[in-house]
Amino acid sequence: MDHRLPSFKLATLNGGKPYADGDRAQATVVESLQLVNRCKQDPSLIVVDVGGFLGDFGLYAAACGCQVYIFEVQPEYTDLIRTSTTLNNFSTSRVHILEKAVNDLPSNSKLTFSQKGGDTTASEGNLTVSTIRLDDVKWPSNSTILLLKVDVEGFELNVLRSAEKLFSENRIHHLIFEYTAWWTNRAAQKDLIPYVENTLKPKQLFALHRTAGNVFGPLNREVLDKFHETHVSRHLQTDIYARFVELSENSTLKVESYDLKKSFA
């Protein structure tokens with residue numbers, strides 16, 4: 001992967017390139033966090049990728065020198081992530097690959113999934129995995145999770161509920177999660193942003209453009225009150241960026257105002 005530096009090698013199915021359009025605004029946020037400089041200064045900083053897929057998000061962080069934890073339940077993708085780790089000579093002490101479903105159920109519960117083209121849906125399927133709460137992971141003592149990324153096909157609320165202690169202790173500084181309001185058959189999407197606002201208590205929230213690199217926000221009260229309704233009626237999918245620390249004076253993040261009348265699909 002050489003579209004941004006530092007570059008790294010990525011193993012994929014049949015050698016195909018991964019879909020990247022939906023990651024451009026994520027990359028805008030990540031680049032503003034200056035992972036290379038920050039993880040060089042403090043190699044103990046952690047980046048967590050829940051729903052790793054091919055692992056490119058976490059592997060980029062590893063190339064920057066960060067400690068990385070990647071959670072992925074599908075064996076074919078965890079195998080590819082391990083191949084990528086070997087190709088890049090990343091040590092197992094830097095890249096931790098966990099084949100567990102992050103969920104707010106008690107750790108070591110069992111969930112069964114059906115697999116469809118890279119997606120996983122909870123059902124009476126053919127893949128049974130153990131669960132883990134992020135609060136129960138054996139993180140290094142006094143460590144900081146610089147960035148948590150969550151993309152788990154509608155179960156983002158379950159993941160975030162599993163990390164309440166980490167958030168309350170201010171150990172997670174930045175969060176990116178997928179938001180698909182019209183997935184009514186999944187965890188209660190209508191409750192997702194109110195939960196983040198009222199329980200996790202970020203400093204600010206931003207919406208990320210689905211296919212371009214734009215970051216919109218900070219989201220004000222008017223926008224947030226209509227956010228779910230707007231996304232359902234327009235069948236929109238986006239990512240949300242939540243910041244839990246004060247904005248750094250050296251921040252390079254450029255943002256635009258969010259206009260409810262426009263579509264950012």
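**Reading the model**

Analyst: A disulfide (a pair of cysteine sulfur atoms within 2.5 Å) joins Cys39 to Cys66, with 2.0 Å from S to S. This is a predicted model, in which local features need pLDDT of at least 70 and side-chain atom pairs count only at pLDDT 80 or more, while totals for chains, interfaces and linings use all residues. Residues are numbered from 1 along each chain as its sequence is written, and side-chain values use heavy atoms, with hydrogens and water left out.

User: Which parts does the pair of Cys39 and Cys66 tie together?

Analyst: Cys39 belongs to helix α2 (residues 35–41), whereas Cys66 sits in the loop between α3 (56–63) and β2 (67–71), so the link ties together parts that are 27 residues apart in sequence. Helices (H or I, at least four residues) and strands (E, at least two) are DSSP runs, numbered from the N terminus. Both Cys39 and Cys66 are buried; buried means under 20% relative accessible area, exposed over 50%, and partly exposed in between (1.4 Å probe, protein chains only). Cys64 is in no disulfide, and the nearest cysteine sulfur, that of Cys66, is 5.6 Å away.

User: How should I read a helix, and which residues of α7 are buried?

Analyst: An α-helix has 3.6 residues a turn, so residues three or four places apart point the same way. In α7 (residues 192–200), the buried residues are Leu192, Ile193, Tyr195, Val196 and Leu200. They cover an arc of only 160° around the axis, which puts them on the same side of α7; the arc is that of the directions from the helix axis to the C-beta atoms. Among the elements that cover these residues are α5 (156–161), β9 (172–179) and α8 (221–233). Just after α7, Lys201 takes a positive phi of about 60°.

User: What is Leu148 in contact with, beyond its neighbours within four places in sequence?

Analyst: Contact means heavy atoms within 4.5 Å. Leu148 lies in strand β8 (residues 145–150), and is buried with a relative accessible area of 1%. Beyond those neighbours, its contacts include Val48, Val50, Leu134, Phe167 and Ile176.

User: Where in the sequence and in space does Leu166 stand relative to Leu148?

Analyst: Leu148 and Leu166 are 18 residues apart in sequence and 11 Å apart in space, C-alpha to C-alpha.
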